[in-house]
Amino acid sequence: MIRETKLLSARFGQPQSWALEGFRKDGGYETWLKVLKDKRPPAELVAEVKASGLKGRGGAGFSTGTKWSFIPKGTTKPVYLCVNGDESEPGTFKDRQILELDPHQLLEGVGLTCYAIGAHTAYLYLRCEFALGLRRLQAALDEAYKAGLFGKNIQGSGFDLEVHTHIGAGAYICGEETSLLNSIEGVRPYPRNKPPFPAVEGLFGCPTIINNVETIANIPHILKRGAAWHAALGNKEDPGSRLWCVSGHVKRRGVWEIETGFRLAELIDSPDFCGGMRPGRKLKAVIPGGSSSRVLLPDEVAVATMDAPGMKQVNSSLGSAGIIVLDDSTDMVDAVLNLMRFYAHESCGQCTPCREGTPWVVKVLERIMSGHGRAEDLDLLLDLADNMEGRTVCALADGACWPLVSIVQKFRAEFLAKIRAPARAAAPAGAGA
Amino acid sequence: MAAATPTPAAGPQAGGAPSAALVAKLTPLKARYPHAKAAMVPVLRAVQAELGWLGPDTQAWVAQFLGVTALEVHEVVSFYPMLYDKPVGKHVIHVCRTLSCDACGGKELFEHLCSKLGVQRGGTTQDGRFTLKAAECLASCGTAPVVLIDNERHENLTPEQIDRLLEAAQ
């Protein structure tokens with residue numbers, strides 16, 4: 001039976017859940033103060049997070065503790081923490097809940113993470129569209145400073161930590177971790193080549209850890225209750241409790257916190273969660289992990305479990321846990337065109353395959369939508385994808401190809417029906433192969 | 001674009017330098033980073049909030065303020081959708097156009113606004129009151145369709161509700 005586990009979202013419903021007073025009443029910052037008081041060896045904290053099995057919640061799903069362990073031992077350079085709150089993967093709206101409803105939970109995680117990796121400066125990067133989230137986070141930060149939880153020689157521990165908010169200006173690419181670094185540095189936010197990895201050479205050329213908001217919000221819980229407790233939540237290979245975002249054509253949309261390992265079909269059908277499809281409609285497709293994941297058909301949804309191994313079985317991914325549910329009223333050619341316009345708009349333009357490929361895909365799809373599609377267009381789309389995927393500095397083009405290719409392959413008949421239909425509108429300009 | 005070129009937006013020094021009060025607030029931002037240049041995006045957003053947009057004079061002012069060239073500022077301004085290098089109306093409306101909103105009434109909402117305001121995507125009304133833009137995913141897909149008016153989020157909107165919001169945005 002699917003049920004909610006309220007860890008990260010435990011305080012979301014409380015009045016003034018974003019204020020310091022209530023947070024401290026619920027035991028907030030106790031772990032942070034205890035770590036400082038006991039002068040815990042940082043390596044112990046890194047080991048604890050590594051053993052917890054926590055994986056990054058931003059989309060790539062890399063082990064958080066392992067990432068932290070890449071900071072060079074004995075580095076003489078300053079170490080930075082950047083918190084990625086650029087949340088903009090279509091279908092994803094979970095980090096926003098943490099920022100707006102429990103920002104102190106994030107800040108406690110920021111303190112603990114900085115202590116563990118030896119950082120004395122943290123930048124909290126938020127997309128500028130999060131006006132309310134920024135106000136709540138900034139107010140929480142001001143409260144925390146006033147209460148002596150951040151700053152110089154915190155609580156006499158000898159540990160210094162400065163925490164700053166930093167806003168972006170509306171670019172999806174800035175959620176890519178090296179693009180985020182360039183965005184903070186005030187240059188064009190083109191992703192960087194790796195290696196060097198940010199843990200070795202990141203912000204201002206110094207060792208840097210970039211973690212997603214939800215990832216960091218997990219840290220106080222793990223360090224309070226221990227690695228073994230976390231490792232036992234949900235699926236053994238991909239443990240933890242996650243904020244799942246459901247949007248699209250279900251009766252109830254929203255964010256639910258559930259341990260990994262539940263059945264996707266149950267989330268959609270259960271009256272306690274999504275409550276099934278809209279009246280009179282049937283499930284047609286699900287994009288399970290934000291728009292950059294491969295689409296699932298109803299028979300795949302029926303068997304899919306929501307954890308890394310379960311998604312691997314149906315050849316998709318959990319990504320950022322943004323579940324987009326589409327019913328039988330959806331025109332899949334139009335749906336993939338919508339997504340490809342997103343990627344074409346958000347391509348930063350640095351790499352030729354992505355800069356040229358994503359708008360080309362859009363033109364071909366527009367041609368098919370307008371009734372001027374050609375028999376060879378499906379092969380052309382797959383060929384374009386083949387020339388983008390894995391051929392660029394960052395994963396944006398890959399993220400475009402996965403939904404594109406899976407939708408073309410799984411809904412081939414729908415594309416062919418449009419291509420065979422008589423022309424209905426003037427051919428769009430510039431769509432030549 | 002069919003719409004008329006709007007008058008530069010609000011603010012007595014529109015298109016020029018920000019007020020002394022804002023400069024006093026921005027100066028400490030530079031100290032947050034090892035290089036002042038890193039304050040670029042936060043400074044540009046704050047200046048834009050006061051002046052409405054970031055014209056060449058304003059960009060030159062920011063360049064001087066941060067100790068960089070005007071070209072370095074322009075490289076950044078021209079990249080981000082939420083930094084405006086052309087004048088906008090007094091109020092800027094962003095309608096989310098990405099899949100979850102599009103599938104739940106976003107498309108209809110956008111068409112409603114186009115016809116109500118008499119503008120197309122990116123256009124500004126004749127009286128300079130509203131600029132209508134489409135935005136990519138605003139991270140509120142569970143409450144689609146979603147609109148930002150002057151960067152504040154409005155959720156689950158019907159055409160009637162957005163009409164009332166526009167009336168309120170004098």
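## Two chains, their contact and their packing

The C-alpha centres of domain 1 and domain 2 of chain B lie 25 Å apart. Domain 1 of chain B covers residues 1–88, and domain 2 of chain B covers residues 91–168. The model is predicted.

**The sheet of chain B**

Four strands of chain B build an open sheet. Their order is β2-β1-β3-β4, and the pairing is mixed. Which strands stand at the edges? They are β2 (130–135) and β4 (152–154) of chain B. Each has a single partner strand, so one side of each is left without a neighbour in the sheet. On average, neighbouring strands of this sheet are turned by 25° against each other, direction ignored.

Strand β1 (residues 91–96) of chain B pairs with β2(B) in the parallel sense. Six bridges join these two strands. B:His94 has its bridge partner in β2(B), namely B:Lys133. Helix α5 (residues 99–117) of chain B packs on the sheet. Helix α5 of chain B touches β1 and β2 of chain B. The direction of this helix makes about 145° with that of β1(B).

**A helix pair in chain A**

Helix α3 (residues 42–52) of chain A packs against helix α6 (residues 103–117) of chain A. The angle is about 115°, and the axes are 7 Å apart. The crossing of α3(A) past α6(A) is left-handed. From α3(A), the contact is made by A:Pro42, A:Leu45 and A:Val46. From α6(A), it is made by A:Leu112, A:Tyr115 and A:Ala116. What classes of residue does this contact have? It has six nonpolar residues, no polar and no charged ones.

**Where chain A touches chain B**

The contact between the chains takes 44 residues from chain A and 33 residues from chain B. On the side of chain A, several helices and strands each supply at least two residues. The helices are α7 (131–146), α8 (177–185) and α14 (332–346) of chain A. The strands are β3 (162–167), β5 (241–248), β6 (254–259) and β8 (322–327) of chain A. Which element gives the largest share? It is α14(A), with six residues.

| Class of residue, chain A side | Number |
|---|---|
| Nonpolar | 20 residues |
| Polar | 17 residues |

How values were computed
Residues are numbered from 1 along each chain as its sequence is written. Chains are lettered from A and ligands numbered from 1 in the order in which they are written. This is a predicted model: local features need pLDDT of at least 70, side-chain atom pairs count only at pLDDT 80 or more; totals for chains, interfaces and linings use all residues. Two residues are in contact if their C-beta atoms, placed from the backbone, lie within 7 Å. Ala, Val, Leu, Ile, Met, Phe, Trp, Tyr, Cys and Pro count as nonpolar, Asp, Glu, Lys and Arg as charged, and the others, Gly among them, as polar. Domain bounds come from an automatic or database domain assignment. Axes are lines fitted to C-alpha atoms, for helices over the stretch in contact, and angles run from 0 to 180 degrees between N-to-C directions. A crossing is left-handed if the near helix is turned anticlockwise from the far one by less than a right angle, and right-handed if clockwise. Two strands pair if DSSP finds at least two bridges between them.
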